[in-house]
Amino acid sequence: MAYKAPVRDLTFILNEVLEIDRYSNQAGFEDISSDLVGQILEEGAKFAEEVIAPINHSGDKEGCHWDNGVVTGPKGWKEAYKAMVEAGWPALSADPAYGGQGMPAVVGMAFGQFTAGASAAFSMYPGLTAGAYAGIHANASEELKTKYLPKMATGEWGGTMNLTEPQCGTDLGMVRTKAVLQADGSYKISGQKIWISAGEHDFTDNIIHTVLARIEGAPAGIKGLSLFLVPKVMVNDDGSLGARNSLMCTGLEHKMGIHGNATAVMQYEEATGWLIGAEGRGMNNMFVVMNEARLGTGLQGLAIGSAAYQAALEFAKDRIQGRSLTGPKNPEAQADSIMVHPDVRRMLLEAKAFVEGGQAFVLWTALQADLQKSADEATAQKAHDYMGLLTPVLKAYLTDKGFHVASLGLQVHGGSGYTEHFQASQYLRDARITMIYEGTNGIQALDLVGRKLPANGGRAIMSWFSDIDAFVAENGGEGPVKPYIDGLADAKKKLQEGTMWLMQNGMQNPDNAGAASTEYLNLFGLTALAYMWAQMARAAQAHVDAGSEDPFYVTKLQTGRYFVERILPDAGGHLTKLKTGADVLMAMPVEAF
């Protein structure tokens, strides 16, 4: 299958739904226009389709190679990475003060959908660097930023995040890696980190690790952790590379998917590092990296689903099997295309509806990241609140649905999908990790109900409800868009009911909040997609009403109709289940399982 970047879908969202030309008075948008964004996406699509996509399947087959601490990527990947750096793509949204191009995050996230769809494993190399860059940019001293960020911004140097250790994953308070202060202000870092994506490779001359460690004498638990910058190769004052630091990759994980990405075991033996931010603020500082990674993971899950849908659609159009239930549609052939079967169309439409709704959700959220920089205090505050509220929803919901879409895509392929001849199995394997790393989806649900909902007295969720109410009031009434608006209003009502139930029952018994969390997150995700589909339907219908003969708009409305009629009713089931509480889950003794 030849991957095609969804340029038209994303330009429609950016230009006609979000109307980015309206934001020219916002920081970062001064030199941005819809025409320029269109040109960027067209060129980005070419790069993803012509350079990255062709090496995706071969990279899955070959994987990465480890030899005594030296890691090499699959054939052709180093050259593709170099071409990406030379074309300037990693620098797209980076700060111009450090060599970046300064494009808004919403533009960078659009390009990110192309690279992750073309090859999820390949996209992780620049993705991890962007996360490490963000953490350093937000928290490090100016000296560290000046020394390391310019080549991280361009992608000439890689970056990672080092959290997990053999004895701890989510419970980072158990981190044992230690940091010992030196006379010159640096630290000696010692310990082992596991599951470090892009932890070692041959694509760049240097890799800048952000490492969570405990300073000697610091208290136990989360409050004793600090964040450190630890380069693979020491950097001289003039910017040139010096001696190799005392760290190494001691092995690579053999994984179910994302074979082209090197998932490393990293050993630090008194490696030299520098404190990022203040002592004891490691988790706070790392959250900048983690939130960047969580948004990128949601995007990745969605993008894999998009590629899986494309492959399934191509297969379904070509696959001749059986006859239509209403009589042959291609009587001259031995059989009809499987596109005549309602259940095949069900799977494809479900995939298409989730993918296209998710594309809008990613870009709408990325726009909030940009609006956090607004000079208007109220606008910036609301955008900041929404980023906190929506990050766990976007990460968990879109990775769940990305995997679901990949599974539907494999099912459309039938027995062929279960073989390795087609890419359907790779998409399924690659998508599965997105539900696990950067905080499992169950952890995201707990974060949503335990931290994000009650934050600032529930200010973010109340604002979210108010915005949806205003949109419904403005666009309600009669007309072709009414079913989309009514569907959104009903989903929002159910989400509000679920929120009230959590407020009343979660504090009374915390297990109730835990038991309801995943259903609540799914209800939230459905409501978010209903909001996106209502906005897209309004924009598409406006073109139809104006007499446009472009079939794109009619197809968009038909896809949205499927979402409203066949997917959105699941909101009721999620609400019913979340209100059952914890009793049915916690009553059974452990030995009875």
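Close-up 1. Lys579 is partly exposed at 35% relative accessibility, a class lying between buried (under 20% relative accessible area) and exposed (over 50%), computed with a 1.4 Å probe on protein chains only. This is a predicted model, in which local features need pLDDT of at least 70 and side-chain atom pairs count only at pLDDT 80 or more, while totals for chains, interfaces and linings use all residues. Residues are numbered from 1 along each chain as its sequence is written, and side-chain values use heavy atoms, with hydrogens and water left out. Glu497 also counts as partly exposed, at 35% relative accessibility. Lys579 and Glu497 form a salt bridge whose closest N and O atoms are 2.6 Å apart; the term denotes a side-chain nitrogen of Lys or Arg within 4 Å of a carboxyl oxygen of Asp or Glu. Because Glu497 lies in helix 14 (residues 482-505) and Lys579 in the loop between helix 17 (570-578) and helix 18 (583-586), the pair ties together parts that are 82 residues apart in sequence. Helices are DSSP runs (H or I, at least four residues), numbered from the N terminus.

**Close-up 2. The salt bridge between Glu356 and Lys556.** The side chains of Glu356 and Lys556 meet in a salt bridge at 2.9 Å, N to O. Glu356 belongs to helix 9 (residues 342-371) and Lys556 to helix 16 (residues 551-567), so the pair ties together parts that are 200 residues apart in sequence. Both Glu356 and Lys556 are buried. Salt bridges with shared partners join Asp9, Lys352, Glu356 and Lys556 into one network.

Close-up 3. Glu43 pairs with Lys46 in a salt bridge, with the closest N and O atoms 3.6 Å apart. Both residues lie in helix 2 (residues 34-52), three residues apart, about one turn of the helix. Glu43 is partly exposed, with a relative accessible area of 43%, and Lys46 is likewise partly exposed, at 41%. The structure as a whole holds 26 salt bridges.

**Close-up 4. The surroundings of Thr399.** Thr399 lies in helix 10 (residues 377-413) and is buried, with a relative accessible area of 0%. The side chain of Thr399 reaches the backbone oxygen of Lys395 at 2.7 Å. With the side chain of Asn441, the Thr399 side chain makes a polar contact at 3.0 Å; such a contact is a pair of N or O atoms within 3.5 Å, where, within protein, one must be able to donate a hydrogen and the other to accept it, and residues adjacent in sequence count only if both atoms are side-chain atoms.

Technical notes. Helix = DSSP H or I, 4+ residues; strand = E, 2+ residues; numbered from the N terminus.
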